[in-house]
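Q: Hi! Could you walk me through this one? I'd like the overall picture and then a few residues.

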Amino acid sequence: MNHNRFNMFGSTAAPGCPGTNPAQSLPLMNPIRVVVPDKELDLAAAVRMNRVFQEHLDAGETRLVLDLEDITYVDSSGLGEMLRALKRAREAGGDLRLCGLYGYVLRIFQMTGLDKVLAVYATREEALTSWR
């Protein structure tokens, strides 16, 4: 899947999901949006991630997948922003699902119990399929 990268984040509608086919005569509502942070999820990246999530939520795109496959570091500001995004998405009738956690990042989620709070999937495909 190609991603439009901006401010170290890629964000795109998932292929084959509602609202992603420009040839459709009637746009389908609420596509699944995949957000892909780049390498580290620290305070500066958390601020950018907040803006990306808010742009999607403001546009009515409440089905969000955060792909953490390329993340090598996450701190408390990154974790906190994920929880804020989860809360905002659920308040808007959607959800935030995570995928691609492994190594250090997976251990952080397990130690903090966030793997029980957030829906976590091994792969992006599994996270996308969970919406169907």
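Predicted model: local features only at pLDDT ≥ 70, side-chain atom pairs only at ≥ 80, totals over all residues.

Q: Great. How many helices and strands are there in the chain?
A: The chain has five helices and eight strands. Along the sequence they come in the pattern β-β-β-β-α-β-β-α-β-α-α-β-α.

Q: And what share of the residues counts as buried?
A: Of the 132 residues, 48% count as buried. The accessible surface of the chain is about 6,800 Å², and carbon and sulfur atoms account for 54% of that.

Q: Among contacts between residues at least 6 apart in sequence, what percentage join residues at least 24 apart?
A: That would be 70%.

Q: Switching to helices: what span should α1 have, and how far apart are its ends?
A: Helix α1 covers residues 43-58, and its 16 residues should span 22 Å at 1.5 Å a residue. The C-alpha atoms at its ends are 22 Å apart, so the two values agree.

Q: Which residues of α1 are buried?
A: Ala 45, Ala 46, Arg 48, Met 49, Val 52, Phe 53, His 56 and Leu 57. After α1 comes Gly 60, with a positive phi near 80 degrees.

Q: Now Glu 81. Where does it sit, and is it buried or exposed?
A: Glu 81 is in helix α2, residues 76-91. Glu 81 has a relative accessible area of 2%, and because the cut-off for buried is under 20%, it counts as buried.

Q: What does the Glu 81 side chain pair with in a polar contact?
A: The side chain of Asn 50, at 3.2 Å. Beyond neighbours within four places in sequence, Glu 81 is in contact with Ala 46, Met 49, Asn 50, Phe 53 and Arg 88.

Q: OK, and α3? Which of its residues are buried?
A: In α3, residues 103-112, the buried ones are Val 105, Ile 108 and Phe 109. Seen down the helix axis, they fall within an arc of 95 degrees, so they line one face of α3.

Q: What covers those buried residues of α3?
A: The cover includes β6 (73-74), α2, β7 (95-99) and α4 (114-117). Just after α3, Gly 113 has a positive phi of about 80 degrees.

Q: Last one: which residue has a positive phi although it is not a glycine?
A: Lys 39, at about 70 degrees. Lys 39 lies in the loop between β3 (32-37) and β4 (40-41), and with 45% relative accessibility it counts as partly exposed.

How values were computed
Residues numbered from 1 in each chain as written. Heavy atoms only, no water. Helix = DSSP H or I, 4+ residues; strand = E, 2+ residues; numbered from the N terminus. Buried < 20%, exposed > 50% of the residue type's maximum accessible area, 1.4 Å probe, protein only. Polar contact = N/O pair within 3.5 Å; in protein donor to acceptor, adjacent residues only side chain to side chain. Contact = heavy atoms within 4.5 Å. Arc of directions from axis to C-beta. Expected span 1.5 Å × (residues − 1). Areas by Shrake-Rupley, 256 points an atom, 1.4 Å probe, with all protein chains shown as cover.
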